[in-house]
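Me: I am new to this structure and would like to learn how to read it step by step. Could you take me through it one feature at a time?

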Amino acid sequence: MMVNAFSTALDQAAAIAAREVSAQELARLYLDRIARFNGSLNAFWITTPELAEAAAAAADRHQRSTALGGVTASVKDLTPMKGYPHTLGSRAYAGQVADVDAFAVTRMMQEGCVILGKTTTAEFGGRPVTDYGLHGAARNPWDLATNAGGSSGGAAAAVAAGLCAISHGSDGGGSVRIPAACCGVVGLKPSRGLISMGPQYGHGWQGLLTDGVLARSVADVAAGLDAMVGHLPGDPYWTDADPSYLDASSAPSRRLRVAFTKAAGVVVDPEVARAVDDVAASCEGLGHVVEETGPDTQPFRDWEKTIFAAAIGSVPVEDPGLLDPVNALVHEFARGLTASDLVLAVDAMHRYSRSVVAFWDEYDVLLTPTFTRPAPGVGELGSDPASAGDDHLDWLSFAYPYNCTGQPSISLPMGRSRAGLPIGVQLVGPPRGDSLILRLAVELEGAQQATVGVPPGWE
């Protein structure tokens, strides 16, 4: 099997296992590509070649039987790796070094992933674009004048440009799915409680935040989920994992009841809306029952604002002048919040979630846009700090509600705009329905509805 930088992670793992290529050769291939291409992309802000070489050599010696043994990966800068800088994308934390590995990082290492470095992120994960933070903008390989999305922007750009085989990300309101949609790759936000946020955090943003996976195929993200799932004693959210998401994703799919909607109280770009219609038609062609309808998720908006502000505002900062202007305003706003404000917002979110989740009593999957329009220009979205919060939430209108409910959702690349930018479409499953949406995603991928291409000039 011949593999290259744009081969799927699973194909690369198979080639390593068959000794057609070594993990060390692939690690060096990717490190060389990072050295050549990252200057214009800014996907990685730091590489870890010694760590990568050691992990690759170990994978070659032991011929791991894990699905991703010897496969190159990246870790988002919001997530700690022991002994390496952990800046949170912020000038206020430019000198911080992690003293512990995050649970997801530990699991990836146990599964034999070869970590190449840490990817660029929006400061504290506070924007859905990767701008303004310590390490600058992560650019979109489909058009360097546009943003890679965020806050896992570097993670998505790295996969899309062939700088790693699979990326770790995190998602508190769309931060895996949005950059995946911007960069034309697959991005999975799993169910709340599948992946421990420990040992450094009790929970993430009152349960809004979870680790996730970005990759070039649905099977790759399923394998990536398998490589991260698990718990630590005392985790406040706990969802038992399926035996194997990779195996489940390839299982035959039953006839599904698929709802689709393009309504969220905001304007949706016609090209994005057309992509949703096309995928709905494809679902019908695959034999599923399709109906245009959806739950009302607009009430989540104000609760999301309060919980997000409290989360960002809880990060200790001695000098607010070092912050991204939007986060500086959020810190100021958070000082006016009371503990009761936060408790009331979280309780209201959970209460209303029950009525939204009840929609899945009648339907198996909801199909929506991932974003309301394709990737914006670098520095464009949220350029005015005073209106940035609403600008961001408008763009995220189909994403953040499912952080509130904790449901699994996946963004699939569903074509290109007239300007050549990727368009993503989202599948949302019932609680703990990760395997279900992965199976439908594989079907759509097999029908060539979901296509991960190679951006021109990155070969």
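What follows is a conversation that goes from the whole chain to single residues.

Reply: Please keep in mind from the start that this is a predicted model. We can begin with the overall build and then turn to the core, the rings and the backbone.

Me: What share of the residues is buried, and which residues have the most contacts inside the largest nonpolar core?

Reply: A residue counts as buried when its relative accessible area is under 20%, and in this chain buried residues make up 61% of the 459 residues. The largest nonpolar core has 141 residues, and those with the most contacts inside it are Leu-68, Leu-116, Leu-163, Leu-367, Ile-410, Leu-412 and Leu-427. Helix α2, residues 23-41, gives the most to this core, with 8 residues. Taking Leu-367 as a case, and leaving aside its neighbours within four places in sequence, one finds that Leu-367 is in contact with residues including Val-258, Phe-260, Val-276, Val-425 and Leu-427.

Me: What percentage of the contacts between residues at least 6 apart in sequence join residues at least 24 apart?

Reply: Among those contacts in the chain, 78% join residues at least 24 apart. Thr-239 and Ser-196 are 43 residues apart in sequence, while their C-alpha atoms are 9.7 Å apart in space. Not counting residues up to four places away in sequence, Thr-239 touches Arg-192, Gly-193, Leu-194, His-231 and Arg-432.

Me: How many aromatic pairs are there, and why is the pair of Trp-205 and Phe-308 called edge-to-face?

Reply: A search of the whole structure finds 10 aromatic pairs. The angle between the ring planes decides the label, and planes over 60 degrees apart count as edge-to-face. The rings of Trp-205 and Phe-308 have their centres 5.6 Å apart and their planes at 75°, so this pair is edge-to-face. The pair links distant parts of the chain, with Trp-205 in the loop between β7 (186-189) and β8 (210-215) and Phe-308 in helix α10 (residues 300-313), 103 residues apart. Trp-205 is buried, with a relative accessible area of 17%, and Phe-308 is buried, with a relative accessible area of 18%.

Phe-300 and Trp-303 also form an edge-to-face pair, at 6.1 Å centre to centre and with 80° between the planes. Because Phe-300 and Trp-303 are 3 residues apart in helix α10, about one helical turn separates them. Phe-300 is buried at 0% relative accessibility, whereas Trp-303 is partly exposed at 21%. Elsewhere, ring pairs link Phe-359, Trp-360, Tyr-363 and Tyr-402 into a cluster.

Me: Which rings have the charged end of an arginine sitting over them?

Reply: The charged end of Arg-192 sits over the ring of Tyr-237, 5.3 Å from the ring centre. The charged end of Arg-416 sits over the ring of Trp-142, 4.0 Å from the centre of that ring.

Me: Where are the cis peptide bonds, and which residues other than glycine have a positive phi?

Reply: For a cis bond one looks at omega, which is about 5° where Gly-150 and Ser-151 are joined and about -5° where Gly-198 and Pro-199 are joined. Ser-151 lies in the loop between β5 (143-147) and α5 (153-160), and Pro-199 is in the loop between β7 and β8.

As for phi, Arg-19 has a positive value of about 60°, lies in the loop between α1 (9-17) and α2, and is exposed at 58% relative accessible area. Phi of Arg-432 is near 65°, and Arg-432 is found in the loop between β13 (422-428) and α15 (434-446), where it counts as exposed at 57% relative accessibility.

How values were computed. Residues numbered from 1 in each chain as written. Predicted model: local features only at pLDDT ≥ 70, side-chain atom pairs only at ≥ 80, totals over all residues. Heavy atoms only, no water. Phe/Tyr/Trp six-rings, centres within 6.5 Å; stacked < 30°, edge-to-face > 60°. Helix = DSSP H or I, 4+ residues; strand = E, 2+ residues; numbered from the N terminus. Buried < 20%, exposed > 50% of the residue type's maximum accessible area, 1.4 Å probe, protein only. Lys NZ or Arg CZ within 6 Å of the ring centre and 35° of its normal. Contact = heavy atoms within 4.5 Å. Core = buried A, V, L, I, M, F, W, Y, C linked by side-chain atoms within 4.5 Å.
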